Amino acid sequence: MSAPAKPARRLDAETAADIAHNPFKADFPLLESNPDLAFLDSAATAQRPACVLDAQRRFYEAKNANALRGLYRLSVDATEAIEAARSRVARFIGAAHARDIVFCRNTSEALNLVATSFGGLALKPGDEVCLTIMEHHSNLVPWQQACRRAGATLVFLYPDENGVVTQAEMDAKIGPKTKIVAAAQVSNVLGIENPVREMGERVHAHGGYLVVDGAQSAPHLPIDVEAIGCDFFAFSAHKAFGPFGIGVLWGRNELLDAMPPFLTGGEMIEYVTEQDATWAPVPEKFEAGTQDAAGIVATAAALDYLDGIGLDVVHAREQALVAYLMARLAELPYVRVLGHPSPAHHHGVVSFVVDGIHPHDVASLLDLENVAIRAGNHCAQPLITWLGEESTCRASLALYNDQSDIDRLIAALKTTWTTFNPKS
């Protein structure tokens with residue numbers, strides 16, 4: 001069995017911000033084997049470092065058994081591996097107790113769990129659920145359904161022209177009727193960091209609850225659920241260099257304990273009779289069926305990788321990349337960047353439109369140049385509509401990107417423009 005792959009040597013933030021050099025790309029097999037690829041779609045999914053791929057393979061090589069179900073050594077090892085990963089996730093997000101970490105398939109499932117199980121418990125007719133207009137559909141549609149079931153009302157926080165949700169907007173929208181505020185910590189379209197701690201302070205003052213979608217923040221920012229003051233926090237492994245199919249929900253224990261299960265079946269059961277059943281304690285109550293133990297172990301390896309590099313280093317490099325990207329885009333008079341004019345407010349995400357060219361055409365022509373970006377409504381259609389667009393282009397960055405990736409994007413955008421405007 002091969003030894004675990006080592007992440008890149010830890011650099012200081014100043015060195016990491018030198019985007020002309022790239023000490024990280026060698027950690028990622030897909031990027032190493034495709035040196036001509038400029039991968040600029042990490043907000044959709046990040047690439048995986050070798051240490052994560054190795055961790056998943058090693059589980060199947062050395063510990064493959066159904067966790068929780070067997071008393072033999074392999075099954076016990078698999079169970080212990082899941083619990084070690086649970087503890088690792090808890091440390092990563094500042095959770096005091098590993099037992100408050102629930103493994104799901106993704107952020108979407110975690111948010112559906114909260115909206116269904118907790119929403120059904122907490123919401124009554126006349127209550128309000130407050131969201132930002134920039135929510136991903138995964139943190140919007142479940143609350144639409146929860147409000148419909150409960151007779152509650154959705155209320156939206158709208159940002160200013162720079163994408164910032166102001167204090168005045170929060171004061172106007174979060175009030176005595178607000179039972180739940182559900183908000184993305186970082187927008188997957190604008191890259192803006194929302195003031196979730198302040199949202200929590202306001203809703204808690206009225207006896208309500210704060211749900212935070214951390215899908216776009218966990219890979220980029222230090223997370224401390226206690227400092228945020230949220231009641232639930234969700235994120236996905238695959239956006240944080242981990243595998244597909246693993247999501248995390250953290251919740252306050254007293255709330256998780258009071259909630260009914262979301263799915264029923266194997267391993268979330270305490271006792272079953274012909275006509276009734278009782279539930280296992282948290283977190284097993286919300287983890288029906290066979291867990292993806294290998295994926296959970298690989299998720300822990302991904303968080304080890306991130307912490308080994310240091311989120312301060314990640315932040316410094318991403319800020320340098322975003323600043324360079326926005327400066328280069330500003331050279332193109334036919335490109336308009338959406339959101340805040342300052343790069344400091346784009347956490348790895350820059351959305352833009354090209355005058356007179358549909359984003360799908362832009363992305364397709366960029367693909368011919370081996371430049372991968374996202375085009376569409378980014379599962380945030382109400383935000384795109386509010387911005388006055390039908391769809392946009394999005395370039396999203398990670399620590400494995402460098403100056404050459406951005407230069408290739410700019411060159412491909414110039415080619416795209418001249419393709420549609422040959423006389424310009």
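1. The loop between β14 (374-376) and α14 (381-386) holds His 378, where helices (H or I, at least four residues) and strands (E, at least two) are DSSP runs numbered from the N terminus. His 378 has a positive phi of about 60° although it is not a glycine. At 2% relative accessibility, His 378 counts as buried, the classes being buried under 20% relative accessible area, exposed over 50% and partly exposed in between, with a 1.4 Å probe and protein chains only.

2. A word on the basis of these remarks: this is a predicted model, in which local features need pLDDT of at least 70 and side-chain atom pairs count only at pLDDT 80 or more, whereas totals for chains, interfaces and linings use all residues. Residues are numbered from 1 along each chain as its sequence is written, and side-chain values use heavy atoms, with hydrogens and water left out.

3. On the overall fold, the protein has 15 helices and 15 strands. Its radius of gyration is 22 Å, close to the 22 Å that the globule rule gives for 424 residues, so the protein is as compact as a globular protein of that length; the radius is taken over C-alpha atoms, and the rule is 2.2 Å times the number of residues to the power 0.38. Along the principal axes, the C-alpha atoms fill a box of roughly 75 × 60 × 35 Å.

4. Of the contacts between residues at least 6 apart in sequence, 70% join residues at least 24 apart, a contact meaning heavy atoms within 4.5 Å. The protein exposes about 17000 Å², of which carbon and sulfur atoms supply 53%; these accessible areas come from the Shrake-Rupley method with a 1.4 Å probe, and for residues only the protein chains shown count as cover.

5. On charge, there are 34 positive and 51 negative side chains, and the centres of the two sets lie 1 Å apart. Lys and Arg count as positive and Asp and Glu as negative, while His and the chain ends are not counted; the place of a charge is taken as NZ of Lys, CZ of Arg, CG of Asp or CD of Glu.

6. Two further backbone features deserve a check against the model. Most residues other than glycine have a negative phi, and most peptide bonds are trans. The peptide bond from Val 282 to Pro 283 is cis, with omega near 5°, and Pro 283 lies in the loop between β10 (277-279) and α11 (293-309). Glu 267, in the loop between α10 (253-258) and β9 (269-272), has a positive phi near 70°, and at 26% relative accessibility Glu 267 counts as partly exposed.

7. Helix α6 (residues 141-150) has Pro 142, Trp 143, Ala 146, Cys 147 and Ala 150 as buried residues. Seen down the axis of α6, the buried residues fall within an arc of 130°, so they line one face of the helix; the arc is that of the directions from the helix axis to the C-beta atoms. The cover over these residues includes α5 (107-122), β3 (128-132), β4 (153-157), β5 (178-184) and β6 (209-213). Exposed Arg 148 and Arg 149 sit on the face of α6 turned away from its buried side, and just after α6, Gly 151 takes a positive phi of about 80°.

8. Ser 236 belongs to strand β7 (residues 232-236) and, at 3% relative accessibility, counts as buried. Leaving aside neighbours within four places in sequence, Ser 236 is in contact with Asn 106, Thr 107, Ile 246 and Gly 247. The C-alpha atoms of Ser 236 and Ala 323, 87 residues apart along the chain, are separated by 26 Å.

9. Three loop prolines complete the note. Pro 195, in the loop between β5 and α8 (196-205), is buried with a relative accessible area of 16%; leaving aside neighbours within four places in sequence, Pro 195 is in contact with Val 165 and Met 170. Pro 222 lies in the loop between β6 and α9 (225-228) and is exposed, with a relative accessible area of 61%. Pro 333, in the loop between α12 (311-329) and β11 (335-337), counts as exposed at 70% relative accessibility, and its C-alpha atom is separated by 47 Å from that of Asp 127, 206 residues apart along the chain.
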